[in-house]
Amino acid sequence: METQFLKSMANRDENNTKELHIVMFPWLAFGHIIPFLELSKFIARKGHKISFISTPRNNDRLPKIPHEFSNSITFVKIPLPKIDGLPNDAEATMDIRNEEMVYLKKAMDGMEKEVTNFLENNSPDWIIQDFAQYWLAPISTRLGISRIFYSIVNGWFLSFFGSFENMINTNNCTSPPKLEEFLVPPKWIPFETKVAYRRHEAWWMVESSQKNVSGASDLYRNGVTIEGADAIIIRHCHEFEGQWLKLLENLHHMPVLPTGLMPPIVETSIDVKNESWISIKEWLDEKPKGSVVYVALGSEVAVGPSEINELARGLELCGSPFFWVLRKSSKSGYTDPIELPDGFEERTKGRGIVWKSWVPQLKILSHESVGGFLTHCGWSSTIEGLMFGHPLIMLPFLVDQGLNARILEDKGVGVEVPRNEEDGSYTSDSVANSVKLIMVESDGKLIREKAKEMTSIFGDKDLHDNYIENLINFLENHRKVKN
């Protein structure tokens, strides 16, 4: 009997160390695709094989991966079917307007047949998927493939949706939720928090709760994806607001595995694309330590002309040196040129710079002259700012960004620019006062100190690498045993 037990344990150990084949399948947004790719690299370094599924154009637009992954990460190109309502060649959220998002989800649903064929022919050990592909749940069950939902954002955003049963019910709800329900913390959060949407933000939650032309609400997609999954993995850590991870386990009754914050590494080499860094660095080198506010609102936010004008006037009024990345939106239909207030660049010449093309954001944030970050509060940008200890001036626009701003302001690491509750508008004075508080005023000293303290969490690579190690151990030890 003992010999039989030892033999079974040996077989189990051999099975656990065997090379895994893992399918990664992110939503069609580069804010999702890039974290999926980064996680793929971590897993591939441990000797496992990755099949990375996206559309041809999206895979072609990804940054070139190092040669070390040439045999371990395979990019699988599955075409996006043509559907009415979606512009030609649109394969990612960056290619479309917000109102066209439902058609992108509907088109992604049309990938089901080819994705199924790939899974049937390749029999992977795991599928790690995003929220939109709810149709993967029954397919993976039928094929006996272990499945994980990967949330590239944080615990409070996913918790705001409630249980997967609550999400699923939104598709058949006869009385859609009212906007006012999202202006306060949800009833299922058992601890005190300020997580809630502002009135001008809450329309997003209302729309996400309603069935659309794709036949499914966004929350329904989330719920079906989570139901029956083997685990949830999420870009979060116990050291920062860890109570949200426990809440997620209680809501969904399954393992919740943080990946850590996956702080990116600042590249030291200068490639052709990074040649712009030479002139940027020369400008930054001339500024006093901690004096520059770095301004970047992400690639997905389409900021309107009046918002740009108020932001520009605010930067002019604040008096601090600034480096503003102001790129024209790549979204389909946004053809108007960016227009700044008359004479703005001449009046701020020397003190400020407006950069209208790609920048090496990590290099800028790591420069000692940068002392604050005016951000849209996307989770990746937040991590990048706090890993260098920069206090945040927060101007959220979309999806999770408002909730992120509430948490971060409550933690004392930044300040949210005051806005009109109804329409989300802000003034040059509100921008200027927020920047001055963070950058120079004595009342902002505590915020600057608390942000600096965050480097011990957000910038600790060893801490977050350990989270990845634990995740890979889970993948190796909990896959379904195949006949």
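In the predicted model, the side chains of K461 and D465 meet in a salt bridge, with an N to O distance of 2.7 Å. Both residues belong to helix α21, where they are four residues apart, about one turn of the helix. An α-helix has 3.6 residues a turn, so residues three or four places apart point the same way.

R406 is part of helix α17 (residues 401-410), whereas E201 lies in the loop between α8 (164-169) and α9 (203-208), so the pair ties together parts that are 205 residues apart in sequence.

A search of the whole structure finds 23 salt bridges. One of them links D125 with R479, whose closest N and O atoms are 3.6 Å apart. D125 is located in the loop between α5 (112-122) and β4 (126-129), and R479 in the segment after α21 (461-478); the pair therefore ties together parts that are 354 residues apart in sequence. D125 counts as buried, with a relative accessibility of 8%, and R479 counts as buried at 7%.

Helix α21 (461-478) also contributes to the surroundings of H48, through contacts with I472 and E476. H48 itself is placed in the loop between α2 (30-45) and β2 (49-54) and counts as buried at 3% relative accessibility. Apart from neighbours within four places in sequence, the residues in contact with H48 are K18, E19, L20, I43, S72, I472 and E476. The side chain of H48 makes a polar contact of 2.8 Å with the side chain of E476, and a polar atom of the H48 side chain lies 2.9 Å from the backbone nitrogen of L20. By contrast, Q133, which is 85 residues from H48 in sequence, lies 24 Å away in space, C-alpha to C-alpha.

The contact between H48 and S72 brings together two loop residues, S72 being found between α3 (56-61) and β3 (73-77). S72 is buried, with a relative accessible area of 13%. When neighbours within four places in sequence are left aside, S72 is in contact with A44, H48, K49 and I50.

Strand β5 (residues 146-151) is largely enclosed by the rest of the structure, because six of its six residues are buried. Both faces of β5 are covered, with S146, I148 and Y150 buried on one side and R147, F149 and S151 buried on the other. Strand β4 runs parallel to β5 and is joined to β5 by four bridges. In this pairing, Q129 stands opposite F149 of β5.

In helix α12 (residues 276-285), the buried residues are S276, W277, I280, W283 and L284. These residues cover an arc of only 125 degrees around the helix axis, which puts them on the same side of α12. The buried residues of α12 pack against several strands, namely β8 (292-296), β9 (322-325), β10 (352-355) and β11 (370-375), and against helix α15 (361-365).

The count of disulfides comes to zero. C318 is in no disulfide, and the nearest cysteine sulfur, that of C377, is 18 Å away. For C377, which is also in no disulfide, the nearest cysteine sulfur is that of C237, at 17 Å. Since a disulfide requires the sulfur atoms to lie within 2.5 Å, the separation of 18 Å excludes C318, and that of 17 Å excludes C377. C318 is buried, with a relative accessible area of 7%, and C377 is buried with a relative accessible area of 0%.

Note on methods. Residues numbered from 1 in each chain as written. Predicted model: local features only at pLDDT ≥ 70, side-chain atom pairs only at ≥ 80, totals over all residues. Heavy atoms only, no water. Buried < 20%, exposed > 50% of the residue type's maximum accessible area, 1.4 Å probe, protein only. Arc of directions from axis to C-beta. Contact = heavy atoms within 4.5 Å. Salt bridge = Lys/Arg side-chain N within 4 Å of Asp/Glu carboxyl O. Polar contact = N/O pair within 3.5 Å; in protein donor to acceptor, adjacent residues only side chain to side chain. Pairing = 2+ DSSP bridges.
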